[in-house]
Amino acid sequence: QVQLVESGGGLVQPGGSLRLSCVASGTMFRVNTMGWYRQAPGKQRELVATISSRGSTNYADSVKGRFTISRDNAKNTVNLQMDSLKPEDTFVYYCLLDQWIAGVFSRDWGQGTQVTVSS
């Protein structure tokens, strides 16, 4: 069982910045991808950014050049630096962790943290 705890969400004005952090704890074996998705009420969860265990990154087009994902494998943490925030970045942001357990793929999610961009 893996627990993911997010922090860093909140209210920020357009053009501002926030830094989200996610700490993973519990039983982990072969951790692969960590990252962030986001979701609006009644909508599907969408990719924000992911980072592999080797540091390869993938970003949604809507956040490229504004958001930066980073990871500390030793501390089992993943961070998302969000700059130049826009009102359309208002979502609940969820941390994810993918791993392989005895050859079986497993994905765990955090509880989510609200990000609101508004003046």
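**Notes on the model**

1. Let me start with Asp 98. Leaving aside its neighbours within four places in sequence, Asp 98 is in contact (heavy atoms within 4.5 Å) with Arg 30, Val 31, Asn 32, Thr 33, Phe 105, Ser 106 and Arg 107. Asp 98 belongs to strand 9, residues 91-101; helices (H or I, at least four residues) and strands (E, at least two) are DSSP runs, numbered from the N terminus. With a relative accessibility of 5%, Asp 98 counts as buried, where buried means under 20% relative accessible area, exposed over 50%, and partly exposed in between (1.4 Å probe, protein chains only). Its side chain also makes a polar contact with the side chain of Arg 107, at 2.7 Å. A polar contact here is a pair of N or O atoms within 3.5 Å; within protein, one must be able to donate a hydrogen and the other to accept it, and residues adjacent in sequence count only if both atoms are side-chain atoms.

2. A word on the ground rules. This is a predicted model, in which local features need pLDDT of at least 70 and side-chain atom pairs count only at pLDDT 80 or more, while totals for chains, interfaces and linings use all residues. Residues are numbered from 1 along each chain as its sequence is written, and side-chain values use heavy atoms, with hydrogens and water left out.

3. Now the hairpins. Strand 4 (residues 30-39) pairs with strand 5 (residues 46-51) in the antiparallel sense over five bridges; two strands pair if DSSP finds at least two bridges between them. Trp 36 has Ala 49 of strand 5 as its bridge partner. Six residues separate the two strands of this hairpin, and Gly 42 in the turn has a positive phi of about 75 degrees.

4. Strand 5 also pairs with strand 6 (residues 57-59), again in the antiparallel sense, and here there are three bridges. Thr 57 in strand 6 stands opposite Ile 51. This hairpin has five residues between its strands, with Gly 55 in the turn at a positive phi of about 95 degrees. Ser 56 is found in the loop between strand 5 and strand 6, and touches Thr 50 and Ile 51 when residues up to four places away in sequence are not counted.

5. Which strands make up the open sheet, and in what order? Four strands form it in the order 1-3-8-7, with antiparallel pairing. Strand 1 (2-7) and strand 7 (67-72) stand at the edges with a single partner strand each, so one side of each is left without a neighbour in the sheet. On average, and with direction ignored, neighbouring strands of this sheet are turned by 15 degrees against each other; axes are lines fitted to C-alpha atoms, for helices over the stretch in contact, and angles run from 0 to 180 degrees between N-to-C directions. Strand 7 meets strand 8 (residues 77-82) over six bridges, with Leu 80 in strand 8 as the bridge partner of Ile 69.

6. Two backbone angles deserve a look. Ser 84, in the loop between strand 8 and strand 9, has a positive phi of about 50 degrees although it is not a glycine; at 41% relative accessibility, Ser 84 is partly exposed. Ala 102, in the loop between strand 9 and strand 10 (104-109), also has a positive phi, near 50 degrees, and is exposed at 81%.

7. How many aromatic pairs does a search of the whole structure find? There are three, where rings of Phe, Tyr and Trp (its six-membered ring) pair if their centres lie within 6.5 Å, and planes under 30 degrees apart count as stacked, over 60 as edge-to-face and the rest as tilted. One of them is Tyr 37 with Trp 109, edge-to-face at 5.4 Å centre to centre and 90 degrees between the planes. Tyr 37 lies in strand 4 and Trp 109 in strand 10, so the pair ties together parts that are 72 residues apart in sequence. Tyr 37 is buried at 17%, whereas Trp 109 is partly exposed at 33%.
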